[in-house]
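Please read the following report alongside the sequence and the three-dimensional coordinates, which are displayed first.

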Amino acid sequence: MRKNYELEKRKYLISGGALLIVMIYIIRLFTLQVLDSDYKRFADSNAFLKKTIYPSRGMIYDRNGKLLVFNQPAYDLMMVMREIQTFDTLEFCNTINISKEQFDQRIKDVKNKRKNPGYSSYTPQVFMTQLSGKDYGILQEKLYKFPGFYIQNRTIRQYNFATAPNILGNIREVKASEIEKDPYYTPGDYTGDLGVEMSYEKYLRGEKGVEILLRDAHGRVKGRYEDGQYDMSPIAGRNLKLSIDVELQQYADSLMQNKIGAVVAIDPSTGEILAMVSAPSYNPADLIGRERGKNYYKLTKDPYLPLFDRTITATYPPGSTFKPTQGLIGLQEGVITESTSFGCSMGYHVGNFRLGCHSHASPLSVVPAIATSCNAFFCATFRAVVDNKKKYSTVQEGFDKWKDYMVSMGYGYKLGIDLPNESRGLIPNSKYYNKYKTDRWKSLNVVSIAIGQGEIQATPLQIANLAATIANRGYFITPHVVKEIQDTVLPEKYLEKHYPMVDKKYYEIMVEGMAAAVTGGTVRSGAIKDIEMCGKTGTAQNPHGRDHSVFMGFAPKDNPKIAICVYVPNAGFGATFGVPIGSLIIEKYLKGYIPEERKWIETNMFNANTLIYNNYRK
């Protein structure tokens with residue numbers, strides 16, 4: 001019998017086709033069930049409802065153990081889109097106090113994968129956050145009427161004190177970009193916003209738990225899967241103990257009422273922030289609950305910018321608080337000694353150049369120059385440093401060495417405080433002036449920076465850090481607001497000492513000068529009975545209005561416990577506001593009270609209002 005080769009070819013072709021189809025199905029099934037996590041998630045979700053159990057966020061205490069921030073119950077309304085059935089939409093809207101238009105828009109937003117990345121009709125989605133206790137109670141009774149919706153228990157923050165929002169921060173709902181960056185988050189989760197809530201978010205947030213519920217073919221919950229064998233309990237966030245003294249913080253708040261400005265107080269021996277006030281301020285409780293958005297909008301529209309942290313984000317000319325740095329550099333560079341004197345005929349005069357000063361004895365050496373805040377002494381010292389031809393071939397070379405000194409003292413770069421949005425300030429280098437003043441500029445062209453004017457910009461934190469460095473006789477520890485993290489060692493950077501490029505012996509001279517400023521110089525109005533305080537005033541020129549009132553100081557002189565900067569823009573002389581506010585805060589911290597003979601100063605500061613002078617609002 002003759003073999004039919006055409007039939008034989010057709011058999012192989014059909015077999016090959018069938019095998020190819022089988023292989024395609026096998027590959028597709030393998031892709032769906034093994035490689036494609038979405039399919040696995042959707043398949044699991046048909047049988048299981050994985051309910052997230054949110055951890056308790058870590059609590060926050062002050063340095064003395066007083067509870068600042070804790071948690072209270074909150075309720076989010078969740079939905080699983082695939083399980084939603086026909087229900088009375090109007091009754092639903094009336095129950096939770098929203099309009100039908102708001103309901104429709106929310107459903108639309110949930111389904112929008114651009115606004116809601118990772119959306120799935122099988123998985124729980126947030127419909128509404130932070131229901132009030134009243135709304136929760138009403139809805140709970142009617143929830144059976146609205147299939148596909150359920151309540152998710154959460155917590156929100158509560159505050160024991162209406163202070164320190166710039167330190168504490170707040171929490172808000174996560175953004176889509178944050179969800180993409182961190183798999184911890186899902187839509188509707190909360191995250192830290194500003195303050196320690198933001199910078200210590202990973203410590204505070206804890207770890208989520210999960211409860212796995214079994215569902216039937218109709219999506220109805222039948223109970224816990226395997227009696228909860230595979231459930232995971234949440235792990236609470238870690239508690240923080242801050243370095244701030246909440247009573248001192250509140251006292252500084254009171255002194256800064258109706259003022260724009262900043263107060264930064266530091267324990268010099270540890271770098272711990274004792275108080276940090278940005279004025280005007282606001283109540284951190286305003287940014288919790290359903291009214292958060294409305295209150296936040298009001299704060300953004302406030303012309304005095306209460307959300308702007310003037311302690312670490314604002315930069316100002318440091319004025320005469322800058323002068324000790326110039327004395328230190330001059331002594332270290334050998335261009336002056338403790339006995340070197342410069343004359344001052346009511347200012348620094350060279351040829352046609354005139355830079356004014358105030359009446360005081362002349363000539364002066366460095367200690368009385370600090371005490372009386374002599375402009376001429378520090379201008380002459382600055383020029384002797386950068387024009388020193390024995391050491392530097394050009395003014396640019398000498399100037400860059402000067403900048404190195406300033407950077408080592410904590411200026412011109414971020415100090416590294418454990419809060420977001422710190423500014424670096426400005427200490428120019430020679431390239432800066434080569435660009436703006438041509439490469440033929442001289443020290444006389446920039447001499448105003450010697451007294452903290454010109455291009456110099458610093459944060460109140462940097463000025464307070466200088467006070468702490470002088471108090472320590474030549475070192476500082478990076479300022480920080482967190483003293484302890486539960487079950488965790490504080491980062492090493494907040495424990496190590498930083499030594500500027502100046503010998504310790506020269507800091508002793510600055511201490512003597514600042515002590516003399518209190519006993520008989522520009523800070524004498526701030527002297528405290530039985531406490532030897534060291535201080536330095538600053539009256540920083542302001543092209544936008546009245547001068548800025550500045551003070552930095554520390555006490556006691558020996559074994560200092562507190563260093564401080566007070567900066568009140570558009571408030572006049574340093575002795576007008578900076579000195580009284582600074583000395584009151586120091587006395588309150590060291591004594592615990594203000595004596596009767598100084599109560600009148602306290603009352604004046606409580607009642608004073610500098611807002612009327614502020615055209616320059618930062």
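## Basis of the description

The coordinates are those of a predicted model, and every value quoted here has been computed from that model.

## Helix α10 and its two partners

Helix α10, which spans residues 246-255, approaches helix α19, residues 578-591, so that the two axes come within 10 Å and cross at roughly 155 degrees. Because angles over 145 degrees count as roughly antiparallel, α10 and α19 are assigned to that class, and their crossing is right-handed. On the α10 side the contact involves Leu248, Tyr251, Ala252 and Leu255, while α19 contributes Ile581, Leu584, Ile585, Lys588 and Tyr589. Sorted by class, this contact holds 8 nonpolar residues, no polar residues and 1 charged residue.

The packing of α10 with helix α20, residues 599-607, has another geometry to examine: the axes are 7 Å apart and the angle is about 70 degrees. That angle makes α10 roughly perpendicular to α20. Here Tyr251, Ser254 and Leu255 of α10 meet Glu602, Met605 and Phe606 of α20, and the contact comprises 4 nonpolar, 1 polar and 1 charged residues.

## Helix α15 and its surroundings

Helix α15 runs over residues 395-408, a stretch of 14 residues, and reaches 20 Å from its first C-alpha to its last, which is close to the 20 Å expected at 1.5 Å a residue. Its buried residues are Val395, Gln396, Gly398, Phe399, Trp402, Lys403, Tyr405, Met406 and Ser408. These buried residues pack against the helices α12 (323-333), α14 (375-386) and α16 (430-437), and also against the strand β15 (476-477). Just after α15, glycine 410 takes a positive phi of about 100 degrees.

## Helix α17

Helix α17, residues 460-471, has 12 residues and a reach of 17 Å from its first C-alpha to its last, close to the 16 Å expected at 1.5 Å a residue. The helix is mostly covered, with 12 of its 12 residues buried. Among them are Pro460, Gln462, Asn465 and Thr469, along with Leu461, Ile463, Leu466 and Ile470. Arginine 473 follows α17 and has a positive phi, near 60 degrees.

## Backbone geometry in loops

Most residues other than glycine have a negative phi, and most peptide bonds are trans. A cis bond joins alanine 279 to proline 280, with omega about 0 degrees, and proline 280 is found in the loop between β12 (272-279) and α11. The bond from alanine 555 to proline 556 is likewise cis, with omega near -15 degrees, and proline 556 is found in the loop between β19 (548-555) and β20 (562-568).

Aspartate 487 has a positive phi of about 60 degrees although it is not a glycine, and it is found in the loop between β16 (482-485) and β17 (497-498). Its relative accessibility is 71%, so aspartate 487 counts as exposed. Aspartate 530, in the loop between α18 (504-520) and β18 (534-540), has a positive phi near 70 degrees, and with a relative accessibility of 72% aspartate 530 also counts as exposed.

## Loop positions and separations

Aspartate 302 lies in the loop between α11 (292-301) and α12, and at a relative accessible area of 27% aspartate 302 is partly exposed. Between aspartate 302 and aspartate 530 there are 228 residues of sequence separation and a C-alpha to C-alpha distance of 42 Å.

Lysine 113 is found in the loop between α4 (100-111) and β4 (125-131), and its relative accessible area of 56% makes lysine 113 exposed. The C-alpha atoms of lysine 113 and glutamine 453 are separated by 53 Å, the two residues being 340 residues apart along the chain.

Conventions: Residues numbered from 1 in each chain as written. Predicted model: local features only at pLDDT ≥ 70, side-chain atom pairs only at ≥ 80, totals over all residues. Heavy atoms only, no water. Axes fitted to C-alpha atoms, helices over the stretch in contact; angles between N-to-C directions. Helix = DSSP H or I, 4+ residues; strand = E, 2+ residues; numbered from the N terminus. Parallel < 35°, antiparallel > 145°, perpendicular 65-115°, else oblique. Left-handed = near helix turned anticlockwise from the far one by under 90°. Contact = heavy atoms within 4.5 Å. Nonpolar A, V, L, I, M, F, W, Y, C, P; charged D, E, K, R; others polar. Expected span 1.5 Å × (residues − 1). Buried < 20%, exposed > 50% of the residue type's maximum accessible area, 1.4 Å probe, protein only.
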